[in-house]
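Colleague: I'd like to learn how to read loops and backbone angles in a model. Could you walk me through one?

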Amino acid sequence: MKAKVYVSLKPGILDPQGKAIQHSVELLGYTGIDDVRQGKYFEIALAESADQEQARESVGRMAREVLSNPIIEDYRVEIEG
Amino acid sequence: MKFGVIVFPGSNCDHDAYHVISKHVGQPVDFIWHRETNLSSFDALIIPGGFSYGDYLRAGALARFSPVMESVKKFAASGRFVLGICNGFQILCEAGLLPGALIRNRDLHFICEHIHVRVETSDTPFTNEMKPQSVLRIPIAHAEGNYVCDDATLQELQRQDRIIMRYCDPDGEVTMTGNPNGSRDNIAGICSSGRNVLGLMPHPERACEDLLGSTDGRGIFRSLAATLAAVA
């Protein structure tokens, strides 16, 4: 079983890296880009025997307490069976 | 009075802090390895700058889980003094001992230069020997020093006089040109509601020797020493 955790900056938090990336891709000629936001992505391998609901709860806690900083970031958890 | 300088894997301003305490404050000081949990012999702690745990995940995020940090929380809750400098400030925010967070600098650069900060209040154990509104020339050295917090937190910090230093122009004007990293409200340092925990992005310990181009940082350590002498 695998957990995927996506951590992204909250709306309204300045993302200078996203801005720099947007600027660079626009220089390359890509058009129609309104905004770029950079985030983090985690893949967590879980024991095959793990209970899916328990895994969701446990990884959710991990995302909230460690992988993200709730002052500046949001997170989303996906569990793949 | 005894000072402790906490050392995490990746701390690199620990010796500077130790030097300043032993030479300029003239008091006993020990290094404290991050796995230590007994802080009972200390009166004040310095969480020094550097790159604890390589700044992996987020600056200060992993140091927060070191064994010493639970003891630091109790130490702070007992009213004793904690000074976090640069990475130390980031760790204090991640640990919830100070509000807000420090994100990537506005212009993305790692900035290593002398800047100016204005001392906003002498009503802290760390600034009581300094004049409010005095301007210090102190180095910064960080990539994540851009202070952010929500509106309610900012208003609380302002109302409770907890913004201790603001980035400013050389003449003391708080302006965007004097703000090196985009920090909200030009914040360079804040204290806890109990005023005994201070986080600073600038490095006062690197501004205590004539040879290093500025001695403006000494006031912070003199203030703390004076506070400790008064309570002893």
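Colleague: Where does Leu108(B) lie in chain B?

Modeller: Leu108(B) sits in the loop between strand S5 (101–103) and strand S6 (111–119) of chain B. Strands here are DSSP runs of E, at least two residues, and helices are runs of H or I, at least four, numbered from the N terminus. By the way, this is a predicted model, where local features need pLDDT of at least 70. Residues are numbered from 1 along each chain as its sequence is written, and chains are lettered from A in the order in which they are written.

Colleague: What is the phi of Leu108(B)?

Modeller: Here's the general idea: most residues other than glycine have a negative phi. Leu108(B) isn't a glycine, yet its phi is positive, about 70 degrees. Leu108(B) is also partly exposed, with a relative accessible area of 26%. Partly exposed falls between buried (under 20% relative accessible area) and exposed (over 50%), using a 1.4 Å probe and protein chains only.

Colleague: Which value does phi take in Gln133(B)?

Modeller: A positive one, near 75 degrees, and again the residue is not glycine. Gln133(B) belongs to the loop between S6 and strand S7 (135–142) of chain B. With 44% relative accessibility, Gln133(B) is partly exposed too.

Colleague: And chain A: what pattern does it follow along the sequence?

Modeller: Chain A reads β-α-β-α-β, with 2 helices and 3 strands. Of its 81 residues, 31% count as buried. Its C-alpha atoms fill a box of roughly 50 × 25 × 15 Å along the principal axes.

Conventions
Predicted model: local features only at pLDDT ≥ 70, side-chain atom pairs only at ≥ 80, totals over all residues. Heavy atoms only, no water.
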